[in-house]
Every structure is written in C-alpha cells, then in structure tokens.
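Please prepare a careful report on the structure shown below.

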Amino acid sequence: MALEINRRKLIAGLGGGLLVSGCDSWSRSESVQRILHSSESLTKVAQRGILGDTALAREFTLADLSPIHRANGNTTADTPEYRAMLANGFANYRLQIGGLVERPLGISLDQLRSMPSRTQITRHDCVEGWSAIGQWTGTPLSHVLDLARLRDGANYIVFHCADSFSDTPYYESMDLSDAYHPQTILAYGMNGGPLPERHGAPIRVRNERQLGYKHAKFVMRVEAVASLDTVYGGKGGYWEDDHNYAWYAGI
Amino acid sequence: MAAIKDGEDPQVGEMAKRHRLSTRLWHWTNALTIFIMLMSGLTIFNAHPRLYWGSYGANQDPAWLQIDNEGERGYLQIGDWQITTTGVLGSWTNSEGERSTRAFPSWATLPGYYSLSIGRLWHLFFAWVLVLAGLFYWIWSFANRHVQRDLSPETKELKPRHLWHDIKEHAKLRFPTGAAALNYNILQKLSYLFVLFLLLPTIVLTGLTMSPSMDVAWPWLLDLFGGRQSARSIHFICAFLMVGFIIVHLAMVVLAGPYNEIRSMITGRFRIPEKREEQQPATVKEETA
C-alpha cells in the first residue's frame, strides 16, 4: 500500500506540478521559448526540401469561393494619410520599391494594373485555424522586383504597411524563394472587383505557401534587404517581433 | 515482451522480461509528448473553437461543432444538439477566480494562460519528437520483429469465439494470469495496432494537411481527407480517440496491478501474477503453452 501511495504522489506530482504550473513558467521563459523556436528552422528546411521553389498551391474554381471571406487583423489603416488616399480612390498612391535595388521605383495603381497580371483562386489559412477561399488578381512580385533589379546581397523582401497595432506599424517579410514564387502577387483585385478596404486596399501580398499573417495588407513600400536583423524588432514581422509567432509560417 | 525462452514458461511469482528497451523508451517519450500535444492542441483549438467539413470554413460558415457562450452560459454544440457546459467549456473561472469565455479551460491547455503563439511553439516542437520517435520505433519494431511476433494477431485469436471470450473476460475485469500475462491478449493487440498504425499516422497526416506548405508539396493530402477543414476536424476527433485510449489504458494498468505494470514499463521486468483460484477455461490454457 505504501507503494500505491507513492505511485499516486508520483503521478500527481508529475501531472499536476510539472504539466500545469511548471509549464506556465516554462512557457514564459525566454530560454525555453528559444529551444521551442529551434524546430522552426528544421520545419523550414524540411518543408522547402520537399516543396522546391515552383510547385503551386492548389487553385480552386469560382464555385468554391467562400460566400463571405473573413477579414482578420486590421480591417483599415487608421491614419489621415490613408483615409485621404482611400477617399480619392488611391489616385496619388505610389507603391515604393526600394532598398537593395538598382532602380528604386514609385508605381501607381494604374501602372501596376497595366503590368502582366495573374488571377488565382486560392485558400487563405489563418493561424487561428479557419480557412477561406477567394479569387485574387495582381502583379507577380517577381515582375516588379525584376523591373527594380535586385542588387547582389538582397536576401529578403520586406513589406511596410499603412496599418498598425496600437502605434506599432505592421510589416512582414519573405525570402527570395517566396518572393519569386509564381503565385506570389501584389494583389489589387479580389473576387472580380477592386481589393476591398477590409482586405488591405490598395495592395495586399499573397504568399500562398504560408499562413495568413504573412499576407501583408495595406502595402505602401517594398524594401529589399540583406538581413532582417536591422528591420524593426529584427524577427521579420509584427507578429514575430511582438508576439512570438514564427517567421516561417508554412505550418 | 516475448523475450521468454522457448519451451519453458516462467513460473508464478518469478520475475520475467516483458518489455524491450525500445518499447519502454518510446512509451515514456510518448507519455510526455502526447500530453504536451493534447494540451497545446487545445490552446490552438481555443483560437477558433469551431470545426467544419470541406476546404474552407470561418465564422460565417456553418460549423458542425462549436464551443461558445451566451452571456454567462457556456455550451457545446454538435450539429443541432446542444449541451450547457458552463464551468467547463465556453464559460468558466480560472484558479484566480477570473471568468473566461475561451472554449477549453486553463487546466486543460498548455500554456494555462491563453497564447496561440506559445501553444504553437510547444505543439510544433513536440510534433517533431512524436514523428521522429514514432518513425524510429516503427522501423525498429519491424526490424526486431516486435510487430510480427508480439503485436500481429494469430488466426485463432481472430475467431469470433475467442474475441467474444476475451471481451467477456475484460468486462468481468478478469485479466490473463500466469505466464499468459506476459503476452498481449487479442484486445490489447488490436488496440495497440489501431493506435500505432491508424490513429497516430492519421493524426500526423491530418496535422500536415493543415500546413499550407505541405498542401503544396503533397496535394494528395487534401484529396485523402477532403480538404483542409475536414483534416482539421479529423485531427480533433483523433485527438479525442487518443484521450479515450489513454483513459482505458490507465484504467487497465490500475486494474491489472499498477505497481507490477508500471515497474515492467520502467525496468522491463514483470512478476508473473498468480493464477486465479477457479478453473481457467480450456481454450485460454492452450494459448499459454
């Protein structure tokens, strides 16, 4: 019977102590978080290894569209500049392409619309778990980057956005494998019309191999950089910097 | 298991070798990993406590399962059927007395406070442990013939009469004694095979189907499970089948003699339990030979 009690104590100690209270302080510990984060690079290497650079995300038909495509994160950019641009149909909007490029550009929405375009009906997967299917029309990012001509040493593309979370501006980034993926587009159209405000007008990035928070909305500036270390918090995105989300959001 | 020399059964009261080192290592790695996966999985579920069938599904689409609240009342809804779950699901108070309307309560989630990103860190780290240890165990158990020798049912065990006999014996809580206790009985074999070769692979593959990158690499995953949201639903159902397995498994360990059982999973050695007073049915005796 003594053994019986010990066993119960053991299980209660392990189950209760370690798994409940212990894991909460572990969850908050930065060194534990660093260890847990270490599997992210393993996941990226493994997934990219079987993915390659050119395989396409499944494309659906118009019959498959979500009746209502949920909009998440910020559904507007709450600044006077953005409101003014929205009011005049983004007539004065210029998408800035800069950083490590030979030829910095300022592209109007009309210019973007006259460039080669791609329309794709794809599934948008939120990190929360839900999915929605929408039709997206836009300019392949590779086309714009080729116009601006990336300089040697450019490894990442950073998207600076008009929206913010309590004064912290939203931004996101991707490496060149995603930037040059055929389905990575600067979308200005959705479901046959112009991109609605709540989905990131005038431009949202589509990064079809990753989760929703990588698809930056309200994009104002595209910057080519050598490293993400010097951009904002250094982790490559708003959710990555401030909330411990993974930069590689392939899963 | 099955390390017994042919021809000679160990006697009642003797210590006999029962579980291989690979089985023991995998068991305890899994015991920890599965609990972390289940609890961090519930944290992730709490981010969107609704399940759908098909490719897409979000708040405006019909959910086949949802956990939600109406004011103070928490509820679980499956199809048209709804049950009030205040205190446990959808509306509960934590140990500090704060009310929450998250789906699963803090005692069931990892971390105990709500953080989707930290829940994902735990889940996606230990997913690697689950998969790598599982693959290693799979290969190892075929190579050392654990699967073929100890887990694969013999033809006579699959006869309805034998199955029915074992079910009745289990229902009466009469478990194999003597040397027969060293071998898995048919119900054990079937449940371990179910977990090892159906449940765990389905959990891993439906998990991968939720990955947008994996859907690009292996689009057949989407066809196999009927879309990403179906895969998410199946993942959730399988997680609860795993909970069911754990509950039955722990109950069986307790009923069969927890000290001897747990020792055998730690040291590998098992004391042969005494035979019951009454006459054993002849069919069972034959199998112990």
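In chain B, strand β3 (residues 65-70) runs antiparallel to strand β4 (residues 73-78), and six bridges join the two; within this pairing, Leu65(B) stands opposite Ile78(B) in β4(B). Strands, here and below, are DSSP runs of type E with at least two residues, while helices are DSSP runs of type H or I with at least four residues, and both are numbered from the N terminus. Two strands are said to pair if DSSP finds at least two bridges between them.

This is a predicted model, in which local features need pLDDT of at least 70 and side-chain atom pairs count only at pLDDT 80 or more, whereas totals for chains, interfaces and linings use all residues. Residues are numbered from 1 along each chain as its sequence is written, and chains are lettered from A and ligands numbered from 1 in the order in which they are written.

The two strands described above belong to an open sheet of four strands in chain B, with the order β2-β3-β4-β5 and antiparallel pairing. Because β2 (50-51) and β5 (81-84) of chain B stand at the edges with a single partner strand each, one side of each is left without a neighbour in the sheet.

Chain A holds an open sheet of five strands, in the order β2-β1-β10-β5-β6 and with mixed pairing. Its edge strands, β2 (105-108) and β6 (168-175) of chain A, each pair on one side only. Elsewhere in chain A, β3(A) and β4(A) form a hairpin with five residues between them, and Gly129(A) in the turn has a positive phi of about 125°.

| Strand pair | Bridges | Direction |
|---|---|---|
| β3(B) and β4(B) | six bridges | antiparallel |
| β3(A) and β4(A) | eight bridges | antiparallel |
| β5(A) and β6(A) | seven bridges | antiparallel |

Between the chains, 43 residues of chain A are in contact with 39 residues of chain B, where contact means that the C-beta atoms of two residues, placed from the backbone, lie within 7 Å. On the side of chain A that touches chain B, the elements that give two or more residues are α1 (2-28), α2 (30-51), β3 (118-125) and β4 (131-140) of chain A, and the largest share, nine residues, comes from α2(A).

Turning to helices, the axes of α5 (residues 186-209) and α8 (residues 228-255) of chain B come within 8 Å and cross at roughly 145°; such axes are lines fitted to C-alpha atoms over the stretch in contact, and angles run from 0 to 180 degrees between N-to-C directions. Residues that make this contact include Leu199(B) of α5(B) and Leu241(B) of α8(B).

The largest nonpolar core has 50 residues, and those with the most contacts inside it are Phe159(A), Cys161(A), Leu186(A), Ala187(A) and Val219(A). A nonpolar core is a set of buried Ala, Val, Leu, Ile, Met, Phe, Trp, Tyr and Cys residues joined through C-beta atoms within 7 Å; a residue is buried if 20 or more other C-beta atoms lie within 10 Å of its own, exposed if 12 or fewer, and partly exposed in between. β5(A) gives the most to this core, with six residues.
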